[in-house]
Amino acid sequence: MTISPGDFDYISKLVVERSAIVLEPGKEYLVESRMRSLLQETHCPSIRELVQKMVREPNGDLKNKVVDAMTTNETSFFRDLHPFEAMKNVVIPDLLKKRESTRQLNLWCGASSRGQEPYSVAMMLLENFPQLTTWKVHYVASDISEKMLARCREGIYSQLEVNRGLPAPLLVKYFDHRATKWQIKDNIRKWVDFKQINLASHWPHLPRMDIVFMRNVLIYFDPPMKKIILGKIRQILKPDGYLFLGAAETTLNLDDAFQRMDIKQSGCYRLREGQAHPSREPASV
Amino acid sequence: MKALIIDDSRTIRQLLSRILHECGWEVVEAGHGQEALEVLAANSDCRLALVDWNMPVMNGLEFVRSVRGEDKHTDMRIMMVTTENDTSNIILALEAGANEYVMKPFNRDVIEKKIALLGLTAA
Ligand SMILES: C[S@@+](CC[C@H](N)C(=O)[O-])C[C@H]1O[C@@H](n2cnc3c(N)ncnc32)[C@H](O)[C@@H]1O
């Protein structure tokens, strides 16, 4: 399978426009390899066909799929917005009430990429729920890639990265401008405990979680592995905890213990009654 | 929905205009702040203004101050789109009444995400 210059041009333009990831000439091999499973999934015989299909159906879902396949580390501040709205309006207010007696919250972001997602959550929490600074908040963020984790810990972003999805008032409040880059301030950075975890392998001990973010990473696994991961999340999620998946992801036909919440495009799930794992710690702390 | 693009560079106006069209917006344009005030007077249904900073006759900051100083167009969201990237300038623009801020260079994705932050999505 080889890609023609015209088709490579089409795909790289699409990808840069939608994700800001630049595919320079020379990256043809990358497009070819990433398109392989998408061709199978969409029953397209060739990249040529795939591109023609996108040209024929410019508003179809295929463009999103191509972009997703090309952007392994793709992320942005407040990506998709809706999950963060759901947290602000529903999830955190609920947990603040339920955890009033212990004043403790455990959060986990399971595919942190370059850090935009965990830092978005942290900024949202500080902005809207300043009382949490007196709570015991254990916030773990993990990724398989040490390279990504190093970037997370550093918390330095390019102008393009802070342009994408980060509200300007938060930029000036929570970042320091250093020459051409922007660095997240220490009070946010120190909040998040970055760890390396391969979701597809053994997980280290994690506390039982109130909120798990597992967004835009299940898409890279086959159904059996998705089931295993969702099953493990079920074990570490508190019975009344919340799980967030990416916009293109679902638990449907994978794990019936989860129920999608009816909050606008938030990708937010809870465990059905009686589906929580018997607690390893004293129940309902 | 209608948007007003204010930039002295025709190239930038064309670029922004193309992006907004693709997102379903109707677009009117102006080459500087003074002209923009006139365009706005004739197009009071603008829901969004994209405003460059450095322009002849009336610059972007002056435009924002002028619009926000009146009782009109209070619903219109203002987004600076400029090469100015100092924290102090961003704060200045926000304090003057801009709602969002994009630092050039940008692309369609940047603009789309910012518009979503403003709670504006074209039909
Ligand atoms: C598309 S990004 C998602 C980032 C963020 N959650 C978001 O939604 O914007 C996917 C991330 O998953 C990570 N990843 C891929 N395979 C993984 C695995 N087996 N275990 C943990 N992380 C993995 C990649 O390193 C990448 O940073």
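Where is F78(A) found in chain A?

*Solution.* F78(A) sits in the loop between α4 (62-70) and α5 (82-98) of chain A. Helices here are DSSP runs of H or I with at least four residues, strands are runs of E with at least two, and both are numbered from the N terminus. Next, look at the backbone: F78(A) is not a glycine, yet has a positive phi of about 50°. Finally, F78(A) counts as buried because its relative accessibility is 9%. Buried means under 20% relative accessible area, exposed over 50%, and partly exposed in between (1.4 Å probe, protein chains only).

**Before you go on.** This is a predicted model, in which local features need pLDDT of at least 70, side-chain atom pairs count only at pLDDT 80 or more, and totals for chains, interfaces and linings use all residues. Residues are numbered from 1 along each chain as its sequence is written, chains are lettered from A and ligands numbered from 1 in the order in which they are written, and side-chain values use heavy atoms, with hydrogens and water left out.

**Exercise 1.** Find V57(B) and decide whether V57(B) is buried or exposed.

*Solution.* Start in the loop between β3 (46-51) and α3 of chain B, where V57(B) lies. V57(B) has a positive phi of about 65° and is not a glycine. With a relative accessible area of 66%, V57(B) is exposed.

**Exercise 2.** Describe how α3(B) and α4(B) are arranged.

*Solution.* Two packed helices are described by the angle between their axes and the distance between the axes.

- Step one: the axes of helix α3 (residues 60-68) and helix α4 (residues 87-96) of chain B come within 9 Å and cross at roughly 20°. Axes are lines fitted to C-alpha atoms, for helices over the stretch in contact, and angles run from 0 to 180 degrees between N-to-C directions.
- Step two: α3(B) and α4(B) are therefore roughly parallel to each other. (Angles under 35 degrees count as roughly parallel, over 145 as roughly antiparallel, 65 to 115 as roughly perpendicular and the rest as oblique.)
- Step three: L61(B), V64(B), R65(B) and R68(B) of α3(B) make the contact with L92(B), A93(B) and A96(B) of α4(B), where contact means heavy atoms within 4.5 Å.

**Exercise 3.** Study the salt bridge between D7(B) and K104(B).

*Solution.* A salt bridge is a side-chain nitrogen of Lys or Arg within 4 Å of a carboxyl oxygen of Asp or Glu. For D7(B) and K104(B), the N to O distance is 3.0 Å. D7(B) lies in the loop between β1 (2-6) and α1 (10-22) of chain B, and K104(B) in the loop between β5 (100-103) and α5 (108-117), so the pair ties together parts that are 97 residues apart in sequence. Both D7(B) and K104(B) are buried.

**Exercise 4.** Follow the salt bridge of D210(A) and K238(A) in chain A.

*Solution.* Here the N to O distance is 3.3 Å. D210(A) belongs to strand β7 (residues 209-214) and K238(A) to strand β8 (residues 237-245), 28 residues apart. D210(A) is buried at 0% relative accessibility, and K238(A) is buried at 9%.

**Exercise 5.** Which residues are linked with E74(A) in a network of salt bridges?

*Solution.* Look at both chains: the network links E74(A) with R164(A), D109(B) and K113(B). Over all chains, a search of the whole structure finds 31 salt bridges.
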